[in-house]
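Biologist: Before we get into terminology, could you put the model up on the screen? I'd like to know what stands behind the words you use for it.

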Amino acid sequence: MKKEDCIFCRIAAGDIPSETVYEDDDYRAILDLGPASRGHTLILPKEHFRDVTELSAHYAAGILPVAAKIGEAMKKALSCDGFNLVQNNGEAAGQTVMHFHMHVIPRYNSETAPIAAWEPHKADPEELKQIREQLAAAIE
Ligand code: AMP
Ligand code: ZN
């Protein structure tokens with residue numbers, strides 16, 4: 001299903017032009033207009049899902065092989081040294097376009113800044129136990 005007011009639905013359908021690097025029946029992969037590095041690509045499912053919690057099993061199963069294919073091509077064509085797969089869910093996580101997408105971000109040895117940086121805290125074993133109990137019980 002497409003959402004008329006969703007920019008990524010319109011790009012995925014080809015109604016809005018994009019720099020498409022890969023396309024198949026289910027996905028279109030485009031260059032990001034605000035790249036974190038040279039070659040930063042977004043994989044867009046052609047169906048609308050808000051985030052990973054809505055993604056169908058079919059699209060979930062298909063997206064990692066596409067990401068791997070694009071990452072391999074980035075190594076060959078762009079001579080990157082590695083790549084990050086990044087996928088944001090919800091505004092608090094940095095999601096700005098509410099149509100599920102996966103970032104494929106080429107990494108170059110010459111650029112060492114981390115894509116996602118967090119400050120590790122010291123874990124309290126009692127708290128870990130409590131969190132584990134709450135979380136494990138909620139996983140369906
Ligand atoms: P996220 O923060 O995970 O929602 O990522 C959204 C990404 O989409 C950002 O990296 C933007 O630079 C990128 N973006 C937004 N609009 C467009 C567009 N029309 N074409 C290509 N990339 C876009
Ligand atoms: Zn959409």
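**What the words rest on**

Modeller: Let's start with a strand pair: five bridges join β4 to β5, residues 102–107, and the two run antiparallel. Keep in mind that this is a predicted model.

Biologist: What makes β4 and β5 a pair?

Modeller: The cut-off is at least two bridges found by DSSP. β4 and β5 have five, so they count as paired. One place to look is glycine 82, which stands opposite arginine 107 in β5.

Biologist: And how do you know that β1 and β2 pair?

Modeller: By the bridge count again: β1 and β2 share three, in the antiparallel sense, and at least two are needed. Here threonine 20 sits opposite isoleucine 30 in β2. The two strands form a hairpin, with three residues between them.

Biologist: Why is the sheet called open?

Modeller: Follow the order, β1-β2-β3-β5-β4, with antiparallel pairing. β1 (20–23) and β4 (82–86) are at the edges with a single partner strand each, so one side of each has no neighbour in the sheet. From one strand to the next, the twist averages 20°.

Biologist: What makes you say that helix α2 packs on the sheet?

Modeller: Contact needs heavy atoms within 4.5 Å. Helix α2 (residues 57–78) touches β1, β2 (27–31), β3 (41–45), β4 and β5. The direction of α2 makes about 20° with that of β5.

Biologist: Where do these elements fall along the sequence?

Modeller: The pattern reads α-β-β-β-α-β-β-α, with three helices and five strands. For scale, the C-alpha atoms fill a box of roughly 50 × 40 × 25 Å along the principal axes.

Biologist: On to ligand 1: which residues are closest to it?

Modeller: Asp32, Gly94, Thr96, His101 and His103 are the closest, in a shell of 16 residues. α1 (7–12) and β2 each supply at least two residues of that shell, and the largest share, three residues, comes from α1.

Biologist: What makes the approach of aspartate 32 to ligand 1 a polar contact?

Modeller: A pair of N or O atoms has to lie within 3.5 Å. A polar side-chain atom of aspartate 32 is 2.5 Å from an oxygen atom of ligand 1, so the pair qualifies. The backbone of glycine 94 also qualifies, with a polar atom 2.7 Å from a ligand oxygen. For histidine 103, a side-chain N or O atom is 2.8 Å from an oxygen of ligand 1.

Biologist: How much of ligand 1 does the protein cover?

Modeller: 80% of the 510 Å² of accessible area that ligand 1 has on its own.

Biologist: And how does the shell divide by residue type?

Modeller: Into eight nonpolar, seven polar and one charged. Gly counts as polar in that tally.

How values were computed:
Residues are numbered from 1 along each chain as its sequence is written. Chains are lettered from A and ligands numbered from 1 in the order in which they are written. This is a predicted model: local features need pLDDT of at least 70, side-chain atom pairs count only at pLDDT 80 or more; totals for chains, interfaces and linings use all residues. Side-chain values use heavy atoms; hydrogens and water are left out. Helices (H or I, at least four residues) and strands (E, at least two) are DSSP runs, numbered from the N terminus. Axes are lines fitted to C-alpha atoms, for helices over the stretch in contact, and angles run from 0 to 180 degrees between N-to-C directions. A residue is near a molecule or strand if one of its heavy atoms lies within 4 Å of it. A polar contact is a pair of N or O atoms within 3.5 Å; within protein, one must be able to donate a hydrogen and the other to accept it, and residues adjacent in sequence count only if both atoms are side-chain atoms. Accessible areas come from the Shrake-Rupley method with a 1.4 Å probe; for residues, only the protein chains shown count as cover.
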